[in-house]
Amino acid sequence: MNLSVIIPVYNEAHNIHEIVKRVQATKLASEIVIVDDGSKDPLTRAVVDGLDRQRFKVIVQPNMGLAKARNNGVAHASGQ
């Protein structure tokens, strides 16, 4: 099964690595899509920009809210 996990983030620099680590530990996700929903803190953007684009799909968008961030992630996902 090709399972995509969508992770919307907004000013979550201190949590991103832990969230990704927990998703990877499940060994269920074949793809992780991280959507930065217009974070205002520069640290979140730096963490997101520093992620390995070979292992993660990263989408940066203006702040549009959780539902739109999630939907944008789904639109870019290749799995179920």
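This is a predicted model: local features need pLDDT of at least 70, side-chain atom pairs count only at pLDDT 80 or more; totals for chains, interfaces and linings use all residues.
Which residue forms a salt bridge with K21, and how far apart are the closest N and O atoms? Residues are numbered from 1 along each chain as its sequence is written, and side-chain values use heavy atoms, with hydrogens and water left out.

Now, the partner of K21 is E18, and their closest N and O atoms are 3.4 Å apart. By salt bridge I mean a side-chain nitrogen of Lys or Arg within 4 Å of a carboxyl oxygen of Asp or Glu. The count by this rule is five.

Where do K21 and E18 sit? They are three residues apart in helix α1, so about one helical turn separates them. Helices here are DSSP runs of H or I with at least four residues, strands are runs of E with at least two, and both are numbered from the N terminus. K21 is exposed, at 52% relative accessibility, and E18 is partly exposed, at 33%. For these words, buried is under 20% relative accessible area, exposed is over 50%, and partly exposed lies in between, using a 1.4 Å probe and protein chains only.

E18 has another partner: R22, with the closest N and O atoms 2.7 Å apart. These two are four residues apart in α1, again about one helical turn, and R22 is exposed at 57%.

Let's hop over to helix α2, residues 42-49. There, D49 forms a salt bridge with R45, at 3.3 Å between the closest N and O atoms. Four residues in the helix, about one helical turn, lie between the positions of D49 and R45. D49 is partly exposed at 41%, and R45 is partly exposed at 39%.

Strand β1 (residues 4-9) and strand β2 (residues 31-37) run parallel, joined by six bridges; strands pair if DSSP finds at least two bridges between them. One example is I6, whose bridge partner in β2 is V33. Together, β1, α1 (residues 13-26) and β2 make a right-handed β-α-β unit. Right-handed means that, with the strands pointing away from the viewer, the path from the first strand over the helix to the second runs clockwise.

Finally, please find I7 in strand β1. I7 is buried, with a relative accessible area of 8%. Beyond its neighbours within four places in sequence, I7 is in contact with I19, V20, V23, I32, V33, I34 and V35.

How values were computed
Contact means heavy atoms within 4.5 Å.
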